[in-house]
Every structure is written in structure tokens, then in C-alpha cells.
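Here is a short report for a first look at this structure. Please keep the sequence and the 3D view at hand.

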Amino acid sequence: MARMAWTVAVEPPDSPASVTLWREYYTEVSDRWYLLHQGHRTDPEELEREIAADSGAELAPPAGRLLVARYAGEPTGTAGVRLLDPATAELKRVFLRRELRGRGGAPLLVSAAEEAARALGARRIVLDTRHDLVEARALYSRLGYRETEPHNDQLYAEHWFAKPLS
């Protein structure tokens with residue numbers, strides 16, 4: 001019955017809901033890294049600069065999609081996909097507001113992102129994440145993603161996953 005309160009739809013990366021959720025996502029993962037490695041939250045100027053530098057344009061059509069989850073009508077999370085090549089999509093910006101975690105929204109978002117990747121023609125989906133994001137790594141493993149060799153050289157990427165989209 002909890003699933004009935006969830007909806008997921010494609011939105012532009014610059015929609016008000018998308019922008020707000022991007023800010024929340026980036027703040028959470030950046031603060032988490034800085035607290036773990038340097039004992040303080042992200043410098044506010046750096047935070048603003050980095051949020052502004054990544055508009056999410058690669059998640060817009062024609063080669064990408066950004067999905068926004070809503071719970072009881074309120075924007076609560078995102079997941080994006082973008083084509084890396086005609087057969088491979090990359091999963092990006094998987095985020096759910098803390099207060100709604102554990103209610104089925106994250107698997108629903110990832111499933112919707114996989115469907116969007118299939119619609120773009122992808123036959124497999126890849127992602128990267130950090131070592132300290134243990135909840136994300138557990139989610140991906142639970143959803144059938146398997147750890148792989150690196151597929152990129154992103155600065156903060158420490159774990160790489162892939163899943164066939166058959």
C-alpha cells in the first residue's frame with residue numbers, strides 16, 4: 001500500500017524540484033565526505049560553486065533522462081540516466097530525502113531509471129559510487145548490480161557497478 005503514495009516522472013534538470021533535490025543531494029554527499037575526511041562540513045562557497053557547475057544538462061533529452069520521485073505529491077528524490085554509448089547508460093544522482101528512506105522509494109527510482117535507459121536503447125547500465133556510501137552500495141547489490149572494474153576515472157569514484165538490462 002505504501003507504493004501507492006509514490007510517483008516517478010521525467011522532469012527537466014532545471015525544474016524547481018530537480019534543482020532543489022540536486023542541492024540537497026550534493027550537500028549531503030559533500031558534507032559526508034568532508035566530515036569523514038577532514039572533520040568539517042563543506043565550505044559554503046565551494047558548495048555553491050560545485051552545485052552551480054553541474055547543471056545536469058547531460059540528463060536531459062535526447063541522450064538522458066532525470067526522474068523525480070514524489071511521495072504524497074511532494075518531490076522527494078531523483079535518479080538520472082545518460083547514454084555513454086548506444087548500448088550503455090550511466091545511472092546518476094540517485095537520491096532520496098532521508099526522512100523517506102526505507103519506504104520503497106529508492107528501488108522504485110532505480111527501476112524507473114533502468115526503464116528509461118532501456119527506452120534510450122541501452123542494454124546495460126553502469127554507475128560509480130564512493131566507499132563511504134555504504135547504503136547506496138547495498139542498494140545496488142540488492143537490485144542486481146555487480147561490482148566491476150572501473151569504467152571511468154572520476155575523482156571520487158571508488159566502486160563501479162554494472163547490470164545488464166535484458
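## The sheet

In which order do the strands form the open sheet? The order is β1-β2-β3-β4-β5-β7-β6, 7 strands with mixed pairing. Strands pair if DSSP finds at least two bridges between them. Strands (E, at least two residues) and helices (H or I, at least four) are DSSP runs, numbered from the N terminus. β1 (6–10) and β6 (146–148) stand at the edges with a single partner strand each, so one side of each lacks a neighbour in the sheet.

β1 and β2 (residues 64–71) run antiparallel, joined by 5 bridges. Ala9 has Val68 in β2 as its bridge partner.

## How the model was read

This is a predicted model: local features need pLDDT of at least 70, side-chain atom pairs count only at pLDDT 80 or more, and totals for chains, interfaces and linings use all residues. Residues are numbered from 1 along each chain as its sequence is written, and side-chain values use heavy atoms, leaving out hydrogens and water.

## Salt bridges

The whole structure holds 14 salt bridges (a side-chain nitrogen of Lys or Arg within 4 Å of a carboxyl oxygen of Asp or Glu). One of them links Glu28 and Arg98, with the closest N and O atoms 3.5 Å apart. Glu28 lies in helix α1 (residues 16–38) and Arg98 in the loop between β4 and α3, so the pair ties together parts 70 residues apart in sequence.

Asp132 pairs with Arg130 in a salt bridge, the closest N and O atoms being 2.8 Å apart. Both Asp132 and Arg130 are buried (under 20% relative accessible area; exposed is over 50%, partly exposed in between; 1.4 Å probe, protein chains only). Shared partners join Arg32, Arg130, Asp132 and Glu135 into one salt-bridge network.
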